[in-house]
Amino acid sequence: MAMGAKRSPRAVAVLRAIAMRVLVIDPDPARAALVAEGLEGVHPLEVRRSARFDEREAIEFAPDVVVIAAESPDRDTLESLREASQANPRPVVMFVDRSEPGLAEQAVRAGVAAYVVDGLAPARVRPILDVAMSRFALTQQLRGDLAKVKADLEARKTVERAKGLLMKERGLDEDGAYRLLRKLAMDRGKPIGAIAADLLAFAGVLKGDAS
Amino acid sequence: MSGLADLKLGFIPLTDCAPLVVAKSLGFFTEEGLDVSLSREASWATIRDKVAVGALDGAHMLAPMALAAAAGATGGLTLDVGPSLIAPMALNRNGSAITVSTALADAMRAADPEAMAEQPVSARALARVIAERAGQGLSPLTFAVVFPYSMHNYELRYWLAQAGIDPDRDVRLVVTPPPRMVEQMRAGDIDGFCVGAPWNAVAVLEGLGEVLISASAFWPGGPDKVFGVTEAWAHHYPDELRAALRAMIRASAWADDPANRQELIDLLARPDHVGVAPEALARALNDEIVFHRDGAGLPRREHALWFLSQMVRWGQVAADIDLEAAADAVYRPDMFRAAALTAGPVVDPAQVFDDGPPELAPLFEGPAFDSTLAGRYAAGFSIGRARA
């Protein structure tokens with residue numbers, strides 16, 4: 001499926017907005033063809049095959065899902081990208097040979113990407129990629145939620161400290177200190193946590209903590 | 001069946017797979033009652049995953065890769081919550097090196113001939129080249145390492161940073177499997193790399209690269225690969241593990257012996273092992289890699305803590321984790337000693353059972369490493385990404 005080869009930039013952009021993009025990293029063209037066949041129900045679809053993983057190409061193509069053989073030497077490179085950049089992670093589907101008993105089941109149980117025993121009956125490709133992508137989306141959401149909870153907790157701690165500072169320096173009671181912070185936040189159109197952090201930072205500077 | 005299981009062990013085509021290859025080829029595993037098959041693997045990620053899920057019983061591993069999960073690193077592609085890996089034996093000391101393309105080496109000599117004449121060579125000349133390129137608006141130089149959690153990554157980063165080069169900002173760092181380093185340098189995709197033997201020598205012999213600094217100059221006797229298994233496997237098969245370690249201890253002693261050098265080279269050169277020219281293999285074996293002597297097989301806690309300190313330094317793991325607990329969960333000198341105790345006369349007990357902290361001289365005038373204060377050490381570098 002060599003798509004996009006001679007399309008105008010605008011047509012590509014339109015296609016981009018809706019097409020499901022699958023990057024298959026495999027020196028074997030037959031495997032990429034099987035993936036395309038298994039995804040025939042998905043229109044439009046772009047399947048790009050590379051014998052090797054190329055970071056720049058992957059960034060430019062921006063696949064929705066990456067398909068790679070578990071035995072591929074490119075796995076370390078792919079893994080390092082996931083490790084290094086949280087910016088644009090992608091679900092990865094790996095195909096495992098039947099000669100590795102247990103690997104597929106165990107891997108699915110353990111983690112993020114899907115493995116498939118003995119590759120590629122075309123009929124199985126679509127559900128596998130779907131599962132991998134929805135699972136990946138869920139994991140990303142959970143990670144996002146966790147980060148938000150952590151940030152909220154951090155903000156609450158900052159507000160508490162800023163309240164304490166106001167109570168001490170301005171002789172306010174707790175309620176008064178909170179109302180003052182809230183007013184500052186509203187006046188400046190900033191979150192109360194950010195106002196509290198600013199206040200603490202300025203107080204630090206005035207005390208000579210920072211230069 | 002003798003009661004001892006058949007074992008399947010994995011390795012990557014590198015000179016330091018020798019303890020596995022020798023133990024298999026010379027019958028040391030068989031003498032221990034083990035029927036071992038070796039599986040040459042294409043990537044470290046595959047090695048880790050296969051060991052973690054039991055498709056391999058054990059393998060040649062990057063020491064930091066075994067430590068990463070215990071330290072809470074999130075880099076695992078598939079097995080974020082996989083079984084824990086342990087390192088009951090170190091396979092070698094030294095073996096890696098930093099190599100740059102001949103063109104870059106020439107540029108470095110032109111930029112700062114004095115710095116290039118120093119031994120061991122620093123990255124100061126490289127810092128000048130990088131500054132010149134930036135001034136001309138050229139794209140950053142690309143360096144490759146073998147895996148994010150590897151001695152090679154930390155060695156290259158450390159060496160660059162000591163010359164004021166920020167490895168995350170001033171160069172582009174990529175990951176490439178060892179056997180592909182040389183072809184990527186030939187293609188001009190990478191300007192330099194840090195990889196294990198024999199791939200540095202291969203680049204030199206092909207006239208593509210120059211070795212700037214080898215691990216033995218960076219950190220004499222510094223750590224490198226380990227033999228890794230899962231904790232669960234070690235728990236269920238303690239006799240098999242001891243037998244396998246004994247066979248590899250004998251293989252390591254054999255591999256160190258200069259009388260066996262040519263035979264070792266021929267063995268490693270076979271296409272089903274490392275598969276490169278004997279000449280390239282000979283280089284690092286002659287004066288670089290140590291498999292056995294000076295207690296090289298003992299997985300030392302201080303080494304684990306140094307690796308962990310670098311994970312903290314580069315932001316791969318949080319700074320507030322318990323580094324000592326992670327080190328002790330993975331590095332198992334007790335298991336090595338239990339095997340070494342019964343391995344016969346090849347083992348010098350004084351070296352294997354010596355608990356005194358080894359002297360680690362400051363690396364490249366960096367801060368002194370005190371293994372009891374690994375966290376503070378990690379935070380003590382001017383270039384780093386330690387995160388709370």
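This is a predicted model: local features need pLDDT of at least 70, side-chain atom pairs count only at pLDDT 80 or more; totals for chains, interfaces and linings use all residues.
The buried positions in helix 7 of chain B are B:Ala125, B:Leu126, B:Ala127, B:Val129 and B:Ile130.

## Length and end of helix 7

Helix 7 of chain B comprises 12 residues (residues 124-135), so at 1.5 Å a residue it should span 16 Å. The C-alpha atoms at its ends are 17 Å apart, which agrees with that expectation. Just after helix 7 of chain B, B:Gly137 adopts a positive phi of about 75°.

## The five-stranded sheet

Chain B also contains an open sheet of five strands in the order 7-6-8-5-9, with mixed pairing. Strand 7 (172-175) and strand 9 (209-214) of chain B each have a single partner strand and stand at the edges, so one side of each lacks a neighbour in the sheet. From one strand to the next, the twist averages 25°.

Strands of a sheet pair through backbone hydrogen bonds, in either a parallel or an antiparallel manner. In chain B, strand 6 (residues 142-145) and strand 7 run parallel and are joined by four bridges. Within this pair, B:Thr142 stands opposite B:Arg172 of strand 7 of chain B.

## Helices on the sheet

Helix 5 of chain B packs on the sheet and touches strand 5 (96-101), strand 8 (192-196) and strand 9 of chain B. The direction of helix 5 of chain B makes about 85° with that of strand 5 of chain B.

Helix 8 (residues 151-162) of chain B also packs on the sheet, where it touches strand 5, strand 6, strand 8 and strand 9 of chain B. The direction of helix 8 of chain B makes about 60° with that of strand 5 of chain B.

Technical notes. Residues are numbered from 1 along each chain as its sequence is written. Chains are lettered from A and ligands numbered from 1 in the order in which they are written. Helices (H or I, at least four residues) and strands (E, at least two) are DSSP runs, numbered from the N terminus. The expected span of a helix is 1.5 Å times one less than its number of residues. A residue is buried if 20 or more other C-beta atoms lie within 10 Å of its own, exposed if 12 or fewer, and partly exposed in between; C-beta atoms are placed from the backbone. Two strands pair if DSSP finds at least two bridges between them. Axes are lines fitted to C-alpha atoms, for helices over the stretch in contact, and angles run from 0 to 180 degrees between N-to-C directions. Two residues are in contact if their C-beta atoms, placed from the backbone, lie within 7 Å.
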